[in-house]
Every structure is written in C-alpha cells, then in structure tokens.
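Subject: Structure handover

Hello,

Here is the structure for your files. My notes follow below it.

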Amino acid sequence: MTFERRILLALMALAAVLPLFVRDQYVLHIAIMVLFFAVLASSLNLVVGYVGEFSLGHTAFLGTGAYTAAILATQHGWPLWATIPMAGLLAALVGVVIGALTLRLQGPFFVIVTLSFAEVLRLIADNWIGLTNGPMGIAGVPQPEWLAQASNLAAKQFYYGIAWVLLALTLYLSYRFVYSNAGRAAVAVRENRYVAQSIGIRPLNYTMLALVLGALLSGMAGGFYAHYISFVGPEVFRFAFMVSMIIMVLIGGKGTLVGPLIGALLVTFLEEYLREAKELRLSIFGLAVIAIVLFLPRGLMGFITQRREARGEALPATGNASAAPTTQRSPA
Amino acid sequence: MELLPQYLANGLVTGSFYALSALGLTLILGLMRVVNFAHGELYMLGGVMGWWATTRLGLDFFTGLLLVAVVMGAFGWLIDRLLIERIRDQGEEPGILLTIGLSIFLANTALLAVGTAPLKVEAPLSAGPLIFGPVVLTKLRVFAVVVCAALILAAWLVIHKTRLGRAMRSTFQDPMAAQLVGVRTANVYAATFAMGTVIASMAGMLLGSIYTAQVSIGGLVSMKAFVVVILGGMGSFAGAIAGGLLLGIVEALWGGYVATGWVDIIGFALVILTLLFRPYGLFSKRAERA
C-alpha cells in the first residue's frame, strides 16, 4: 500500500515538473497523450483489474464523453471547464445503464455484450447525422478564448496541465476506491464470487460502483480529448482504441494502480517509436502483444510484486509484500 | 409486399453464409472456451489464399478449396500447439488478448503481402440468374448455399460419427476423464482449433468468390460471427445455423422495409436482448452459464 502510494506520488511529481524542462512541442504532445491514455487505462483497470470482468466496451464511455463535450461546446457554446465534467457525468449515466444490463453476465458473455454496446454506439454515431454529423464527425471544437492569442507551446502546456489534473483526480479516486471497504469487497467478488456472497457482499453493488467510476473517468478523458484534438468522429468508438487500452492495462499489470501508468507510458512510446518501421509497425505490435501474454502474464507490476514477495519470504516480517493485491483469478 | 419472397430468399442466402462463417467460431468458443478474436482473420486468410490459388496458381475452384483447407488446417494446428496451449485453463482473458494480438499481426502482415485492393476468387460457375416464381437468385449464390450446407453437414458428421469426434466430445465434457481413458487431449484441442480454422477459411474462400476477398474484412466477420454464436448458443451446431438464418432474414427485412444504413445495428441489438433474456442462446438447452 505504501509502496504503491510512494511510486504514484513520485511519478506524479515527476510528471508535474516535466513541462518546466521540456520546450519541444512534439515531446509535449507525446507527454499529453501518455497522460490521456494513463487516465483511460486506469479507468479500464477499475473494471478489468478490480471487478475481474473483461470489458471490451470501454470505448462506449470514452466516445460518449467526447461527443458530449464536442456537442455542448460547438452547439451550445459551453466552456471547457463545464463540458469536461458534464462529459464525465453523462458517461457515468451510460455506465449505470450498461452496467445494470451487463454486470449480471460473466465470462465470454460479458466480453461480447460490452463489445456490442460499444459497436451500437459507434453505429449510432455513424448514422444519426442530425446529432453527430455522421462519419464526417464534429470538427472545430472551440478552444478557450485566451488560447487563440497564446503561442502553440503555451496551448500545449495548458492542455498538459489539464491532463495532469485529470490523471491526479483519476489516481486519487482510484486509490480511495481500491483501499476502501468497497474496493476490498470488489476484490473479494473478483477472487471468489460465492464466498463474497456468503459473507454478505452483494456483487452487483460493488461491481457497479467500479464500472460507473471507470465510466466517469473515461468520459472526462473523452471530453478532454474532444477539446485537445478539436475533432471527434465515430472512430472514438473503434476497437483500435480499446486494443490500446487493454494492452496498456495488461502490460503494466492489471489490479495494480501503478501498472496502467507504466503501460500507458510504454505503449505510447512504443507506438511512436515504431512509426519508424512504417508498415511493419502493426505487425510488430501484434507480435509484441502475443509475447506479453505468453511471457509476462501478470504484467510488469505483477512481475515486480512477485520479485518483492519472493524477497519478502526470504526476509520474513516485511509488511509491504502482502498488501499488494494478487491478480490471479480463482478457477471458475 | 410483393418483394417479401425476394427479401426472405436473400435473407436465407445471406443467413446460410453467416451460419457457415460462424460455425468455426462456435466450435472454438463453445467447446474450447477460447474467445477467438482472430476468427475473422482466419476467414480472410482463406479468401486471400483462395484468390492466390485460383488466379496465380491457376487451380480450379475445388482444388484450390482443398489446398486452402489443408494449409489452413496445418496453420490452425500450429496456432493451437504453439500459442493457445500455453494459456489453456487460465480463464478467457489471456485467450482474448492472445487472439487480438494474432489478429492484428495476421491482418497487417496480409496487408503488406497483398495490399488493400479487393481480390476476386475465380468462381466455378457463371453468374447467370435462376428464376423461381417471384424470386430471382444468381446461380452462384444457389451453388454457394449448397456448398455451405455440404460443409456444415460434413462438420456435423465429423463431430458426431467419427472416432475423432467422440474424442472431442469427451474431452470437452471432462478433460481429466478423457485423458484417463486414453484420449490424447492435446491433440484433440489442436484438432478442434484446426477444424475451426479450416471451416473459417473455406467460408472465406467460398464467399470470396461471391463478394470479394479483402484483407480488412476480418473485424466485421468476427463481429457477425459472435452475433450468430450468441444468438444460437455456444457450441451448438443447430444453434449456429438457426442463428445465422435468423440474422440473415432479420437484416434483409430491416434493410428492405426500414432503413439500410442501420442494418448492422440489428445484430448487436439482438445480441444484447438475447443475453438479457436468454443468456444461453435462443436454441440451447444447457442450463449452465460460463
């Protein structure tokens, strides 16, 4: 617990001082994308890591948030500080609806039905031209007024600041959730649903809480994305986004708070770095995913905790190792 | 209303194509419990190889189909023995991630090899029309439906009438007991995955001769196949067929009478409704949920 908190605080402090040293716009853009994906991966991790159900429909929340912010800003002239929270709230509402319908299902059924919801929303965004402008998407999501006069670098720094605040909020809420009784109840459900029920935990209450929290956070990330990229099209619901998020969570280690951050950092850099390889990029990416599943099944953080646990056993009476949540699932 | 028989016929034809494309998935998902996201890419590889065999190698359609079946069968066997075997019995998450990685790899490698252009598999028949009263279908489609039915029947016979099929059914009932009575379960798993791959790739080649084979088609095929499998109930042969036909007919009627732009949404709406009210599929009798 303290180990995890220290790493989180150190990482966030590092991220806070980064723009003081970096003046390069391209690097800053990558850094913003890392923060954005870190928010998304952490929010997905609440479902995948702490509820233990594999959601492939997280883009539903991201897309809802992005469209909400884009529509409110372009058609109703809402400012940025109002659209992003509103995007989160609406996504949370969608989360309540989807959760109520899907959380009763488990295993492959849950996977496919969540995916179906994301696809349905994508098709709606594609076809409801009156609201979403169809495949053309919504372009020109307005920036705050003072940014129009400011330099490009100042604009990037401004968005970096917002992304940092969003990530800080995400980590704070996740931390409070994970180390609360509700979080421990969710983990109990993940580890063994029947035992959890037998001691009076209602699975639906806690899985729902985790899902809605995840939806709220990724909706806000979506609102941020709409303003930063200033364009939203149906591709926010695409499976490609989902794939990036899942890979981040799993590389980093699901069921840990630090894991998704590391995953976001690694994957965003890997994607940028592999740009050099042009067409081969996605093929290599696919192979990397396969390799991770086979050789690093618990993610990087899982690997590190395992090392620490092994050391903890060698040197008895270290309290930290036992606090790290295990990610192994009980046999169903 | 006079178009209704035509819509129904179109729906049945598309539906039988859906059934065949989903059959491989229902084997792998229903029996092996691997949520195979690379299914559409295996289908795509079948189409691309079929194009290569018929136009580049100059084989006729059926020799090409045989070649595709043999090569893809070996490929499926290898996928299972080299990749899926390592994550057996670890729940469905590693399987999902592994097959997503595989699908990204296959789709992009195929893209590098043959490009984005639609590829036409040489059809064994000319495209002339056949007229049955108020309904017009092309010869090629009727032929494809017949081949679909033959392939589905062959798969059914393999599972229910052969020694391998018995070994498969016993393994998926209880792997430990099957092993105790001398079934080599590792081979049975590999054979099941290979069989799913063969069916998917043959579907890809057959339908590549009617529509076109395209590298980017995989995602869409996987989605439709998931829809069909959920509708019919996992691992159920009759379910896959009924689910496919149902989806085909509903889509044809919706496209004919309501709006063509929204056709793809039907499948997902049906999936959501099915899972809410009949989570074991419309036609499955099993009362156990995964």
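Two residues are in contact if their C-beta atoms, placed from the backbone, lie within 7 Å. Among contacts in chain B between residues at least 6 apart in sequence, those joining residues at least 24 apart make up 76%.

On conventions: this is a predicted model, in which local features need pLDDT of at least 70 and side-chain atom pairs count only at pLDDT 80 or more, while totals for chains, interfaces and linings use all residues. Residues are numbered from 1 along each chain as its sequence is written, and chains are lettered from A and ligands numbered from 1 in the order in which they are written.

Chain B overall

Chain B has 11 helices and 2 strands (DSSP runs numbered from the N terminus: H or I of at least four residues for helices, E of at least two for strands). From the N terminus, the order of elements is α-α-α-α-β-β-α-α-α-α-α-α-α. The radius of gyration, taken over C-alpha atoms, is 19 Å for chain B, close to the 19 Å from the globule rule for 290 residues, so chain B is as compact as a globular protein of that length. (The rule is 2.2 Å times the number of residues to the power 0.38.) The C-alpha trace of chain B spans about 60 × 50 × 35 Å along its principal axes. Of the 290 residues in chain B, 51% are buried (20 or more other C-beta atoms within 10 Å of the residue's own; exposed is 12 or fewer, partly exposed in between).

Interface with chain A

The contact between the chains takes 33 residues from chain A and 36 from chain B. On the chain B side, α4 (93-114), α9 (218-232) and α11 (263-277) each supply at least two residues. The most come from α4(B), with 13 residues. By class, the chain B side has 26 nonpolar, 6 polar and 4 charged residues (nonpolar: Ala, Val, Leu, Ile, Met, Phe, Trp, Tyr, Cys and Pro; charged: Asp, Glu, Lys and Arg; polar: the others, Gly among them).

Helix α2(B)

α2(B) packs against α9(B) at an angle of about 125°, with the axes 7 Å apart (axes are lines fitted to C-alpha atoms over the stretch in contact; angles run from 0 to 180 degrees between N-to-C directions). The contact of α2(B) with α9(B) has 5 nonpolar, 5 polar and 1 charged residues.

B:Trp52 lies in α2 (residues 39-56) of chain B. B:Trp52 is partly exposed because 19 other C-beta atoms lie within 10 Å. B:Trp52 and B:Val121 are 8.0 Å apart, C-alpha to C-alpha, and 69 residues apart in sequence.

Regards
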